[in-house]
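Colleague: I'd like to learn how to read a model like this one, feature by feature. Could you walk me through it?

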Amino acid sequence: MERATFSKYSWIDFFFSVIGVCTFLVDWGSDVWVATEFYCRGDLFWFAVLVGLMVLSSVVVQMFSWFWFKYDRQLLGFSARTGGGTELFGDQVRLSCVLHVLQLGFLCRHISAIRQGFRVWWRKEEGSEYAVYLTHDLSMLRLIETFCESAPQLTLMIYVMLHTNKARTVQFVSIAASTTSIAWMVVDYHRSLRSFLPDKAKQGWCSALIYFLWNLLLIAPRVTALALFASVLSGYIAAHFLMLWLVFVLWAWRQGTDFMDSVGGEWLYRATVGLIWYFSWFNVAEGQTRGRSIIYHSFITTDGGILLVTWWCYRDPVQTESYALTLLIALLFIYLLGLLFKTLYYCCFHPKLWRPPVREPGLPDDRPDAEVSFRDVSIQDGTLSSQLLNKRMACHAAHFYSEQGVNRNPDSTNRAEPSHL
């Protein structure tokens, strides 16, 4: 079976890596600023919640990074192909473990990607495949970090503004930083998936804009609805999250996810997927994608409606009179607009619809398009291919860009596992 030839590392990849670490540092700095403000003002509860979100997000991201660090080095020839000096901590497992325990593994991955990218792009050294490999992992880790920290923190900041009925500069900075983090994650993650397209279809600016908008327009009403509910029944928001999170984790388990290379890692992935589902759709298995998406959006729409009705019934009519009705109408309009943009993207801007897949001589004409389109995407099975391919992101890309609802051949060796939002 032929293997796809994927894009080489370029200055755009280097630019995204640099902006990614800058965004990470700015987001982290704004978190510390907000936490300090809460502590100095005596808001110890909100301080504890914010610090808890920061710690939880960091621990989860470091755990994924550590799991992947161990998995990659079990691949035959990985160290020889990447070179011992390409990562900041190289192949020193103990040093890497210490860095991850100190919550520095994610930052070291960023620095390693920039360092390797500079060698490849500026100095024209070898190692382009590994530089791309690092950027793919970072895009996935940023996705996890965004929904473990930025989305919950955005909910918290909106809740604080509603609860106190006033907004301070630090809160606006936090909201802007969280929103920027989510926006950059969406564009960067989608761009990373695009690099796995066998036909090298590039993401046009219009496609990127539509893709960004439908994600943002669906996430924003969800976050706002949660904040509004918390502003009137703050004692129940934790119970609401735990109940839905448990249901989502069980649903991920029932779908038979197979993303990580160990049982513990897989349950960590399912728990993380449950957290992501609390805010946005994330497909985790092949098969009837459209059906699962409809079920999810129907459930989230119903849940969001219940949250808003609860807020409307328990709100302070005098304090919220000036914006309550307008806010409800705006949230409904934004959500429907997000669904419209999502439909528009899949109908007009999805790369699989831009150009038909190239059929090899001798292939049957009735072969499913999804199978043909990704016939060359080789997934690592314990050994390295002739090209250093990131199995995790290749799985995401193969499933995300295959046609929704198409059942793949169960005997195929090119099985694609989890996918995207």
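Modeller: Start with the naming: helices (H or I, at least four residues) and strands (E, at least two) are DSSP runs, numbered from the N terminus. What you see is a predicted model, so local features need pLDDT of at least 70 and side-chain atom pairs count only at pLDDT 80 or more, while totals for chains, interfaces and linings use all residues. Residues are numbered from 1 along each chain as its sequence is written, and side-chain values use heavy atoms, with hydrogens and water left out.

Colleague: How many helices and strands does the protein chain have?

Modeller: There are 15 helices and zero strands in the protein chain.

Colleague: And how much of the chain counts as buried?

Modeller: Buried means under 20% relative accessible area, exposed over 50%, and partly exposed in between (1.4 Å probe, protein chains only). Of the 421 residues here, 52% count as buried. Accessible areas themselves come from the Shrake-Rupley method with a 1.4 Å probe, and for residues only the protein chains shown count as cover. The chain's accessible surface comes to about 19,200 Å², with 66% belonging to carbon and sulfur atoms.

Colleague: What share of the contacts in the chain is made by residues 24 or more positions apart?

Modeller: A contact is heavy atoms within 4.5 Å. Among contacts with a separation of 6 or more, residues 24 or more positions apart account for 74%.

Colleague: How many of H10's residues are buried?

Modeller: Eleven of the 15, so H10 is mostly covered. The buried ones include Gly265, Leu268, Tyr269, Thr272 and Trp277.

Colleague: Which residues make the nonpolar surface patch?

Modeller: Patches are made of residues with over 30% relative accessible area and no salt bridge; like charges are joined within 9 Å, and nonpolar side chains (Val, Leu, Ile, Met, Phe, Trp, Tyr) within 5 Å. Here Leu246, Leu250, Trp253, Val263 and Trp267 make one of about 520 Å². H9 (237-254) and H10 each supply at least two of its residues, and the largest share, three residues, comes from H9. Leucine 250 has its place in H9 and is partly exposed, at 42% relative accessible area.

Colleague: How many salt bridges are there?

Modeller: Here's the general idea: side chains of opposite charge can pair when their charged atoms come close. A salt bridge is a side-chain nitrogen of Lys or Arg within 4 Å of a carboxyl oxygen of Asp or Glu. By this rule the count comes to two. In one, aspartate 303 pairs with arginine 222, and the closest N and O atoms are 2.6 Å apart. Aspartate 303 lies in H11 (residues 289-314) and arginine 222 in H8, so the pair ties together parts that are 81 residues apart in sequence. Aspartate 303 and arginine 222 are both buried.

Colleague: And which arginine meets aspartate 137 in a salt bridge?

Modeller: Arginine 109, at 3.6 Å from N to O. That pair links distant parts of the chain, with aspartate 137 in H6 and arginine 109 in H5, 28 residues apart.

Colleague: What else does aspartate 137 touch?

Modeller: Leaving out residues up to four places away in sequence, the residues it touches include Trp68, Asp72, Asn390 and Arg392. Aspartate 137 is buried, with a relative accessible area of 1%. Arginine 142 is buried, at 9% relative accessible area. With the sequence neighbours up to four places away left out, arginine 142 touches Gly20, Phe106, His110, Met185 and Asp188.
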